[in-house]
Amino acid sequence: MIKMNMQLLISAIVLGLSMSGVYFLLTVGLSLCYGLMRIISLDQFFYYALGAYMVYTITSLTGSFWLGMIGAMLAVLVVAFVVERLINKRVYSKPVMFSMILTFGVNLMGVGLIKYVWGLTPKPVASPIAGRVMILGTGVPTYRIFVIALAIVVYFAVQYFLNKTILGTAIRAGIDDAEKVKALGINISRLFTVTFILSSVLSALAGVIHAPFVMVSPEMGMTITAFAFMVVIIGGLGSIKGTMVSALIVGQVVSLGALIWAPLAEMAPFLVMIIILLIKPTGLYGSKLMHR
Amino acid sequence: MGMPNIVEVKNLNAAYGQSKVLFDINLHIKPNERVAIVGRNGAGKTTLQKCIASLLHPTSGSVVYDGTELVGKQPYEVARMGLKYIDQDKHVFLDLTVRENLELSSYATGDYEWDKVFEHFPKLKILIDRKGAYLSGGERQMLMIGRAILGDPKVLLVDEPTEGLAPSIVDDLVTTFHELSRDCAIMTVGQNLSFVSRVAERVYAMKEGRLVAEITDEAEIKNNSYCEYL
């Protein structure tokens with residue numbers, strides 16, 4: 001009985017960590033977009049779903065999930081560039097509510113487009129890595145370990161980009177004060193574009209790696225929205241480290257909550273969020289909210 | 001025939017929404033000149049500098065810098081052309097080190113010759129790995145000017161440079177401004193009349209959004225006799 005419970009616990013922890021990986025990839029973009037451009041980019045959920053559909057299509061056509069992963073990220077890169085240049089850039093200097101309404105509209109249009117192109121029937125994507133890894137006598141799917149590892153690699157890559165490259169330094173400076181960045185002679189508009197595309201490609205990657213866990217459906221972006229916002233709010237808007245820590249918390253709370261009592265999986269994260277916000281209203285790593 | 005002006009402002013008007021704040025401003029700056037704009041709080045000094053730097057868009061009028069019209073240009077374009085604005089709030093990027101702050105300016109201008117920065121502000125070399133958040137007000141001012149002189153600007157617009165600084169640092173700043181003006185023109189705005197009298201070669205007095213006097217006489221500047229206009 002104890003052995004059985006131990007196996008369930010290990011499975012739940014690994015499941016939680018892999019969900020944390022998906023949450024992190026999806027929310028790091030939301031966090032970056034708010035930090036630099038002060039927009040709530042709800043269209044990230046469209047790029048997440050589009051990533052999943054693109055990996056489904058390319059995998060079906062070529063038989064290679066990995067080719068699908070690259071193709072999905074490239075496709076979203078192009079779509080995000082067009083959306084940013086034609087639509088989103090118009091609301092950067094406006095109050096945050098404008099960006100919420102506009103990007104929600106883009107998200108709805110995107111979901112409509114997905115329904116038009118792929119139909120309403122959910123699509124399956126096979127796991128690209130078969131087999132199991134034994135952890136303390138419990139077999140866990142190797143693909144879940146891959147997702148966890150990928151999220152860790154992306155976390156360090158994003159940190160490296162932000163802290164060790166000049167473009168990343170400019171983005172950090174812009175998060176601090178965009179006006180001063182302009183006065184130095186830096187084209188902030190280009191920084192916004194780079195940040196938005198990076199965010200969107202990471203959202204697409206989240207959709208790609210999540211696809212083998214779920215049936216790919218047009219509403220998949222809507223389904224994950226509440227959890228994604230919980231991660232961003234608990235971690236603190238604009239903080240990458242906060243997003244990672246928060247994704248770990250939410251992933252485990254969902255997974256272990258389900259193990260204790262199924263409805264807890266949905267309820268417990270909200271409870272955690274309320275408790276954290278009561279103690280620290282700006283989230284775990286959030287700084288004071290600023291108006292621009 | 002005198003030297004051509006490096007900056008020429010003509011009939012400049014600006015407003016925040018319905019509230020007009022600058023009225024028909026006409027002024028000029030000559031190359032390597034040290035000019036000061038003095039006036040009470042709310043006179044429009046900062047707005048004027050921000051309009052010149054394209055950080056605010058005037059409602060009408062013209063700002064010509066080195067023969068090029070600046071109205072309508074982006075602030076980063078103006079900065080790259082060699083007209084730099086230094087804000088009054090002593091805000092350096094708090095999460096960035098001194099090195100990263102300088103790197104950003106070098107990235108923007110393509111000028112990686114930091115020796116000229118350390119020549120004026122040797123202390124910055126010692127503080128190179130310190131984050132902006134841990135610098136004193138004087139050190140932040142040094143860093144802001146240091147960042148600005150990368151790219152060899154022809155004009156520096158410095159807003160309230162002495163605000164919140166200790167008298168000894170203000171003295172250093174006087175020397176620095178005299179040294180810097182060998183390579184570029186400086187327009188400073190402020191209310192520290194002692195500083196203005198030691199730095200400026202020409203003074204514009206500003207009141208309620210209008211330029212009310214131009215003082216060129218050295219003795220008048222030294223004696224702060226323009227106070228009557230404020």
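1. The expected span of a helix is 1.5 Å times one less than its number of residues. Helices are DSSP runs of H or I of at least four residues, strands are runs of E of at least two, and both are numbered from the N terminus. In this predicted model, local features need pLDDT of at least 70 and side-chain atom pairs count only at pLDDT 80 or more, while totals for chains, interfaces and linings use all residues. Residues are numbered from 1 along each chain as its sequence is written, and chains are lettered from A and ligands numbered from 1 in the order in which they are written.

2. Helix α4 of chain A (residues 96-118) has 23 residues and should therefore span 33 Å; the 32 Å between its end C-alpha atoms agrees. A:G119, which follows α4(A), has a positive phi near 80 degrees.

3. The buried residues of α4(A) are A:S99, A:L102, A:T103, A:V106, A:N107, A:G110, A:V111 and A:I114. Buried means 20 or more other C-beta atoms within 10 Å of the residue's own, exposed 12 or fewer, and partly exposed in between, with C-beta atoms placed from the backbone. Their cover includes α2 (44-62), α3 (65-86) and α9 (220-235) of chain A. Contact here requires C-beta atoms, placed from the backbone, within 7 Å.

4. The axes of α2(A) and α9(A) come within 8 Å and cross at roughly 130 degrees. Axes are lines fitted to C-alpha atoms, for helices over the stretch in contact, and angles run from 0 to 180 degrees between N-to-C directions. The pair is therefore oblique (under 35 degrees is roughly parallel, over 145 roughly antiparallel, 65 to 115 roughly perpendicular, the rest oblique).

5. On the α2(A) side, A:F45, A:F46, A:Y48, A:A49 and A:A52 meet A:M220, A:G221, A:M222, A:I224 and A:T225 of α9(A). This contact of α2(A) with α9(A) has eight nonpolar, two polar and no charged residues. Ala, Val, Leu, Ile, Met, Phe, Trp, Tyr, Cys and Pro count as nonpolar, Asp, Glu, Lys and Arg as charged, and the others, Gly among them, as polar.

6. Between the chains, 16 residues of chain A and 22 of chain B take part in the contact. On the chain B side, α2 (75-81) and α3 (98-109) each supply at least two residues, and α3(B) gives the most, with seven. That side has 12 nonpolar, four polar and six charged residues.

7. Helix α6 of chain A (residues 166-176) packs on α3(B) at about 110 degrees, with the axes 10 Å apart, so the two are roughly perpendicular. A:I166, A:T169, A:A170 and A:A173 contact B:E100, B:E103, B:L104 and B:Y107.

Terms used: Two residues are in contact if their C-beta atoms, placed from the backbone, lie within 7 Å.
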